[in-house]
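Have a look at the model first, then read on.

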Amino acid sequence: LVVVISLAMLIGGYFAYRTLPVDAYPDISPALVQVFVETEGLAPEEVEKYVTYPIESAMNGLPQLDHVRSISNFGLSVVNIYFEDGTDIYFARQQIAERLQQAASQLPAGIEPSLGPVATGLGEIFLYTVEAEPGATDSEGLPWTASGLRTLQDWVVRPQLRHIDGVTEVNTIGGHARQFHITPDPAKLVAYGLGMRDLVDAVARNNANVGAGYIERSGEQYLIRVPGQVADAKEIEQIVVATRDGLPLRVSDVAEVGEGRELRSGAATKDGKEVVLGTVFMLIGENSGAVAQRSADKLLEIDASLPDGVSATAVYDRTELVGRAIATVRKNLLEGALLVIVVLFALLGNLRAALITAAVIPLTMLLTITGMVENRVSANLMSLGALDFGLIVDGAVIIVENCLRRFGEAQHKLGRLLTRDERFELAATASAEVIKPSLFGLFIIAAVYLPIFALTGVSGKMFHPMAFTVVIALTAAMALSLTFVPAAVAQFVTGKVAENENKVMRSIKGVYATLLQQALSFRVVVVASAAVLTVAAGLLATRLGTEFIPNLDEGDIALHALRIPGTSLTQAIHMQEQLEARIKQFPEVDMVVGKIGTAEVATDPMPPSVADTFIMLKDRADWPNPRKSKADFVSELDATVNTIPGNKYEFTQPVQMRMNE
């Protein structure tokens, strides 16, 4: 029965493994809700006074509120509302939405706050560009413009990506949102006795579809509608503003109409030219690897449907990083498991007993994965990297060794193989004899990790997954040592069992006995040496360097390009194009993508003087010198870009950058 239950847990663990969320790092983001307000050209001082401060004040007293921070930029207010760890994010958003309704009367007319996406700081899992090939033309035979590419992004690419399971938002930066600009002639307005408001009201009245009910004719019902929405600049020009001397006065008589560009706060570049850049945000709690893969697959479908000469191309895919991280963990775990199994075969001296002990490893792993899935702990470098299979099989080895010893002694005494009932009774007796040291050893190891659960904040989010995974694994190993191991030994170890030790153990024991005797003969020297080593290690520990998290080589480089505050967006684009052209000269670089300023959804509000530059590197095999280290390449890159005047740089990596922030 115990073996059958173990097989059932094995099957359940396999299905849990298929749904296990996978990531490179634990998500350390706080419980944060962002409130965005676009203020149409207000100066930062006015934004702070009339928009940001009233919203901040309205948030005081929220349940489980930790603190509030804000940023007031030109035409934009971003209020970051932090809650205590463990707060349900949807509960927090509901409370904020209610408070925003109460604060609406204190805000200027026309101001409509909006909540940020339900994502974390590590939610940027997929980046792509929408760009046109040189010489490509649109349906009218004209070269593709930044406005045309932005229109494709807003109405074709973005809506399809937002339908992907696990995606909460698709952010856009770059290009120009399509606008019609009506530029009035003040002299003509005065001549006709009109004001600016007359022109605005006329355009608003004449840009709407109107329903007029229906009429019945010959037993049929016909709907009546008046399509009045304008579609192009010519229709705007024909709108009647007023009548003078019985003649209609149209917009074209008092103003010029044409397509123009919005006053944007950000731009995107790729390899030294402007593009439209989209960022896919993952919903909180989703599997980043799976969502990124779905986004990549969907983008390929969308790309095939775009007009000739226009392409949607992935530039950053979290799947690759997650794949490399999990491959590292998988490699280490497999090598560790194989090493432990080899040692078991060499030291136990019984093939079946070694197989039973080794079976504890996959069973423990699958039970651990089941616990991770149930508690929404992702598989990452921190959660799986601390697992030690030597500790996991420790209790099982003690029980198996004692069972084999008792089996061998009984067989030698009786002069025959044991019966089924005798094996079962001996297995139970032998397990009970060593159950106390077996459990005590595992409990001591597990207890070491318990204080980690007292950590809070960023440190808690970073190390709780590791401690949780180790404690679950040790608990599972403890349970299997008490149940599966004795049952399997009694059931399957049926042949002759030698009570004497094998050659490996005898040779090791001989060396150990000699060293032990010498240590006991020179007790004072041994104890004094241990004390000196302990003190010396303590002194060295005071000079030990510290690091927030282990530095994982993500493969790509994130470069902060910092310019003088107050730099205009046009100037920043020009400087960014120079920077990317210089970086692209390196043969190790595949592409360079830059995000300048603030995107459409201001999850990361930056002025135009700051640019996030993503340097995507080629596979190491495609480098001119594959043996060159990444550190050497970064040093060469740093020396090169510092020859460009007007920039300061900070080198990091895409995920590392967001974690540091």
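Where is Asp271 found? Asp271 is in the loop between β13 (266-270) and β14 (273-282), with strands being DSSP runs of E, at least two residues, and helices runs of H or I, at least four, numbered from the N terminus. Before going on: this is a predicted model, where local features need pLDDT of at least 70, side-chain atom pairs count only at pLDDT 80 or more, and totals for chains, interfaces and linings use all residues. Residues are numbered from 1 along each chain as its sequence is written, and side-chain values use heavy atoms, leaving out hydrogens and water.

Asp271 is partly exposed at 31% relative accessible area (buried is under 20%, exposed over 50%, partly exposed in between, with a 1.4 Å probe and protein chains only).

On to salt bridges, meaning a side-chain nitrogen of Lys or Arg within 4 Å of a carboxyl oxygen of Asp or Glu. The structure holds 24 of them, and here are some:

| Pair | N to O distance |
|---|---|
| Glu124 and Arg658 | 3.3 Å |
| Glu301 and Lys298 | 3.5 Å |
| Arg405 and Glu433 | 3.7 Å |

Glu124 sits in strand β5 (residues 124-132) and Arg658 in helix α22 (residues 654-660), 534 residues apart. Glu124 is buried at 12%, and Arg658 is buried at 11%.

Glu301 and Lys298 are about one helical turn from each other, because they are three residues apart in helix α9 (residues 288-305). Glu301 is exposed at 52%, while Lys298 is partly exposed at 24%.
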